[in-house]
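Hi everyone, thanks for coming along. I'd like to walk you through one model today, so let me put it up on the screen.

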Amino acid sequence: MTARSGHGSSEILSGRSIIDDLGVTPLINAGGPNTKNSGSRPRPEAIAAMEAMSEVFVDMDELLLAAGERIAEITGNEAATITSGASGGLVVQAAVAMAKGDPDRIAQLPITSGMPSELIIQRGHRFIYDHLYLAPGSRFVEVGRPNDCTIDEIEAAITAETAGLIHLESPFKSHVAVPLTDLAELAHNHGLPVLADCASMLPPRINLTRFTSQGADLVSFSGGKAVRGPQSTGFLVGKPEWIEYARLNNAPNLGVTRAQKVSKEEIAGLLAALEAFTSIDEEAETKNYRAQMNFVVDQIAEIPGIMAKIEHNYDHYIPHAVVTFAENWKGPSYTDIADRMKAAEPRVYVAVDYRDPVKKMWIDPLNLQDGEVEIVADQFRKILIDGASGK
Ligand SMILES: *Cc1c(COP(=O)(O)O)cnc(C)c1O
């Protein structure tokens with residue numbers, strides 16, 4: 001038993017005691033692993049590994065090399081390395097495309113003089129995280145239109161200044177892509193790497209190898225979303241030569257990524273989480289999520305103006321209870337409903353479409369703990385009924 005010294009109390013330390021002490025209100029996370037709503041719950045295996053890892057010291061290069069090899073093995077890839085979130089992976093990807101393994105170039109970034117520094121990105125692949133690609137000094141060359149692009153347009157943009165080609169896999173983006181296999185063939189014909197951001201595309205677990213087998217040289221995944229490792233972790237999988245460049249360009253080595261360090265505890269936590277994640281029966285997991293989302297749909301489906309159904313597809317990585325308003329809906333907007341959920345007691349975070357205009361909202365079961373789906377469904381039902389009746 002651990003006693004808490006703050007506030008002179010002898011309460012047992014708990015998550016609740018920590019936030020109570022700070023005056024911070026708890027939240028039921030029914031919206032998925034969104035960073036601003038504190039991500040996902042690290043697996044017990046990850047927490048145990050982090051605590052155990054605090055007992056030892058190591059040489060970090062040795063640890064990162066060995067952990068990278070283990071991740072490659074677990075995920076079925078040729079090579080892998082660890083980053084500070086998928087975002088950290090994007091910074092590393094851009095640095096790698098420009099500096100490769102050249103120690104002088106690595107030390108020089110973010111000053112890019114004397115090296116190719118342009119990254120080609122399709123306009124339909126611009127997204128909220130893409131400024132990370134610019135952090136080490138690179139520049140974008142945008143091609144195509146927001147809703148499409150051709151391989152010829154990409155080829156025409158390649159010059160001696162090109163360092164790499166960006167590819168994004170993300171919900172609501174599938175329709176705007178030049179096929180990754182075509183992009184990779186083009187890139188490789190020009191001796192360029194394909195840098196892929198696939199941060200949130202797990203599960204399905206088959207995606208651990210899908211994008212590398214389609215030809216991406218470096219694929220960035222988040223360790224703090226559904227993998228449920230430490231919130232601050234991510235990993236890159238890809239071709240051995242590019243992964244080695246990534247390690248050289250990444251913290252703890254000095255350079256533009258030095259602010260992105262990952263601790264030995266976080267490394268151990270990510271490994272344990274990935275081992276657990278990859279050994280879970282995805283079919284059984286999906287069935288369980290689907291049953292919970294069925295319960296939510298049943299609670300709200302009869303509300304006038306509300307259409308509720310389960311979606312599980314490219315845009316919805318696990319079964320979600322998706323709500324759309326019928327034409328005749330006169331109630332508050334999706335965002336207003338989400339705000340009401342978050343202002344209610346208990347506070348509940350639900351996901352709102354990140355496209356503009358907003359076209360739907362949904363409940364994500366990833367972070368729901370025992371007994372929470374009933375609370376969430378009940379509150380959602382009340383707030384939607386109020387909305388439908390003009391309150
Ligand atoms: C979540 C996400 C990121 C950021 O991942 P972190 O692991 O939180 O750093 C980057 N790109 C896309 C497309 C994402 O969905």
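Let's begin with E282, which forms a salt bridge with R205, the closest N and O atoms being 2.8 Å apart. By salt bridge I mean a side-chain nitrogen of Lys or Arg within 4 Å of a carboxyl oxygen of Asp or Glu. E282 lies in helix α11 (residues 282–300) and R205 in the loop between β6 (194–197) and α8 (207–213), so this pair ties together parts that are 77 residues apart in sequence. E282 is partly exposed, at 23% relative accessible area, while R205 is buried, at 11%. Buried here means under 20% relative accessible area, exposed means over 50%, and partly exposed is in between, with a 1.4 Å probe and protein chains only.

A quick word on the ground rules. This is a predicted model, so local features need pLDDT of at least 70 and side-chain atom pairs count only at pLDDT 80 or more, although totals for chains, interfaces and linings use all residues. Residues are numbered from 1 along each chain as its sequence is written, and side-chain values use heavy atoms, with hydrogens and water left out.

Back to the loop between β6 and α8, where P204 is also placed. The peptide bond from P203 to P204 is cis, with omega near 5°.

Now, how many salt bridges does a search of the whole structure find? The search turns up 19. As a reminder, side chains of opposite charge can pair when their charged atoms come close. One of these salt bridges is between the side chains of R247 and D61, at 3.8 Å from N to O. That pair links distant parts of the chain, with R247 in helix α9 (residues 240–249) and D61 in helix α3 (residues 60–75), 186 residues apart. R247 is buried, at 13% relative accessible area, and D61 is partly exposed, at 32%.

For a local pairing, look at K382 and D378, whose side chains meet in a salt bridge at 3.0 Å, N to O. Why are K382 and D378 separated by about one helical turn? Because they are four residues apart in helix α13 (residues 372–388). D378 is partly exposed, with a relative accessible area of 36%. There is also a network: R123, R126, D130 and E142 are joined by salt bridges that share partners.

Let's turn to the ligand. The residues around it, meaning those with a heavy atom within 4 Å, are T35, G85, A86, S87, Y129, L168, S170, D197, A199, S200, S222 and K225. This shell divides into four nonpolar, six polar and two charged residues. In that count, Ala, Val, Leu, Ile, Met, Phe, Trp, Tyr, Cys and Pro are nonpolar, Asp, Glu, Lys and Arg are charged, and the others, Gly among them, are polar. Which helix gives the largest share of the shell? That is helix α4 (residues 85–99), with three residues.

A ligand nitrogen is 2.6 Å from an N or O atom in the side chain of D197. The side chain of K225 has an N or O atom 2.8 Å from a ligand oxygen, and a backbone N or O atom of A86 lies 2.8 Å from an oxygen of the ligand. Taken alone the ligand exposes 380 Å², and the protein buries 91% of that; these accessible areas come from the Shrake-Rupley method with a 1.4 Å probe.

S38 has a positive phi near 70°, in a residue other than glycine. You'll find S38 in the loop between β1 (28–30) and α2 (44–53), where S38 counts as exposed at 57% relative accessibility. K100 has a positive phi as well, near 45°. K100 sits in the loop between α4 and α5 (103–108) and is partly exposed, at 36%.

That's my tour, so over to you for questions!

How values were computed
A polar contact is a pair of N or O atoms within 3.5 Å; within protein, one must be able to donate a hydrogen and the other to accept it, and residues adjacent in sequence count only if both atoms are side-chain atoms. Helices (H or I, at least four residues) and strands (E, at least two) are DSSP runs, numbered from the N terminus.
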